[in-house]
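These are my notebook entries on a single protein chain. I record below what I looked up, entry by entry.

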Amino acid sequence: MKLSRRSLLATTTATLAASAATAVPAHAAPGRAPAAGRGLRTGFERLAADGYALLDGQRVGVVTNPTGITRDVRHLVDVMHADDRVDLTAVFGPEHGFRGTAQAGGSEGRYDDPATGLPVYDTYLKSGRPLADIFTASGVDTVVFDIQDVGARFYTYIWTLYDCMEAARLAGKRFVVLDRPNPMTGRAALGPVLHPEFATFVGRQPISQAHGMTVAELARLFNAEFLADPVRLETVRMSGWRRSDFYDASGLPWVPPSPNMPTPETALVYAGTCLFEGTNLSEGRGTTRPFELLGAEGIDGRWAAEANGLGLAGVRFREAYFAPTFSKFQGKTVGGVQLHVHDRDTFDPVRTGVGLLVTAKQVWSGFAWRPDNWIDKLTGSTRVRTMIDAGADTDEVVAGWRDELAAFRQMRREYLLYR
């Protein structure tokens, strides 16, 4: 699959003074968190340290959710609203809402925030001219984006970013992205690349299933490669972050970006095990370990045995039984596996997700894809589904996306901000 590239990158990166970064370990030993993170400053921290100079004289609206916090767990909207140096006039909420009260597939609607009195506008499932009209009606000059991503193509906040960039361009607004770490690291792009005919809100454009980028890097890529015309984009990068850093190296508190993303460990496996949303198995929603627990009625210990037999790097599988409190198999006891990542440096979530699909189909006669072939939207084409149905093994399925992934990796390199 051919990926087009514009010859001109119409993106500027805000230059802000940064203090010297203290080196931090890439990851902790098992069972021990690193005593690091002192050297990392998020995009918002750098913006604030510079006295919000980048927003001077601008009426500002912020696209954010509960993850838009400071190191001392104050929300940036509350911080900016209380600061006379910022003219914050509006908030824009994505899926799950600005304050995070809605479940998957929901939002909070239009309301006035009780804490600040600011108008909160709903962006969920809005794009193009309707979203541009919201930006226009809000009266803002600059739209600021600050949301914690988890590194997977089908996690919808990066497409909120894309849609808001496009809408800001249509409305003639300036767009500023405040960067945060990719909790999976930024070491590599993994998995199949979306084919354009399968574009949905879980994948607008042809990027890989695990993109290995930060939101600021994605914004640069979107602006140069995919928007019809570039928006006036500025990015405020982090200082002290390395591509090999997992989230616990940041020293930042973790706030669940959505109700079923409770920990950084969830984010680590999500880019692979979210594929089970496209099947009739539970992906662990309704448990305390979503996307780490997978199962269905009628599955027994044979699945864990087959999965362990694949010899997948960095992960082991435990025979597990659980009863989801909502979603698939609500209130019923199901059998399946729990993933235990023991070496996250070698763990490949996408290969692991494919291996689990292959073995689930082999050991459980009740295995089925969702009738709407949602798996094709998640993987970006029909290839994964049809190859597994034809009896392909894990290596054969993974080999099927080798060329398109290599092309995406080459394109991606131009927009990376960190080493």
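**Entry 1: Glu-306**

In which helix is the place of Glu-306? I found Glu-306 in helix α7, which covers residues 302-309. I note at the outset that the model is predicted.

I then looked up its contacts. Leaving aside residues up to four places away in sequence, Glu-306 touches Thr-359, Gln-362 and Val-363. I also checked the distance from Glu-306 to Gly-355: the two lie 49 residues apart in sequence, and their C-alpha atoms are 9.5 Å apart in space.

**Entry 2: helix α6**

I turned to helix α6, residues 264-273. Eight of its 10 residues are buried, so the helix is largely enclosed by the rest of the structure. I listed the buried residues as Thr-266, Ala-267, Leu-268, Val-269, Tyr-270, Ala-271, Gly-272 and Thr-273.

Which elements do the buried residues of α6 pack against? I recorded the following partners: β9 (208-210), β11 (293-296), β13 (334-341) and α8 (349-363).

**Entry 3: helices α4 and α5**

I examined the packing of helix α4 (residues 157-171) on helix α5 (residues 215-226). The angle is about 45 degrees, and the axes are 10 Å apart. That angle makes α4 oblique to α5. I noted the crossing of α4 past α5 as right-handed.

From α4, the contact is made by Ile-158, Trp-159, Leu-161, Tyr-162 and Met-165. From α5, I recorded Val-215, Leu-218, Ala-219, Phe-222, Asn-223 and Phe-226. Sorted by class, this contact has 10 nonpolar residues, one polar residue and no charged residues.

**Entry 4: the whole chain**

Finally, I looked up values for the protein chain as a whole. I found 12 helices and 13 strands. Buried residues account for 59% of the 419 residues.

What radius of gyration does the protein chain have? The value is 21 Å; a compact globule with 419 residues would have one near 22 Å, so the chain agrees with that expectation. Along the principal axes, the C-alpha atoms fill a box of roughly 65 × 45 × 40 Å.

Conventions
Residues are numbered from 1 along each chain as its sequence is written. This is a predicted model: local features need pLDDT of at least 70, side-chain atom pairs count only at pLDDT 80 or more; totals for chains, interfaces and linings use all residues. Side-chain values use heavy atoms; hydrogens and water are left out. Axes are lines fitted to C-alpha atoms, for helices over the stretch in contact, and angles run from 0 to 180 degrees between N-to-C directions. Helices (H or I, at least four residues) and strands (E, at least two) are DSSP runs, numbered from the N terminus. Angles under 35 degrees count as roughly parallel, over 145 as roughly antiparallel, 65 to 115 as roughly perpendicular and the rest as oblique. A crossing is left-handed if the near helix is turned anticlockwise from the far one by less than a right angle, and right-handed if clockwise. Contact means heavy atoms within 4.5 Å. Ala, Val, Leu, Ile, Met, Phe, Trp, Tyr, Cys and Pro count as nonpolar, Asp, Glu, Lys and Arg as charged, and the others, Gly among them, as polar. The radius of gyration is taken over C-alpha atoms; the globule rule is 2.2 Å times the number of residues to the power 0.38. Buried means under 20% relative accessible area, exposed over 50%, partly exposed in between (1.4 Å probe, protein chains only).
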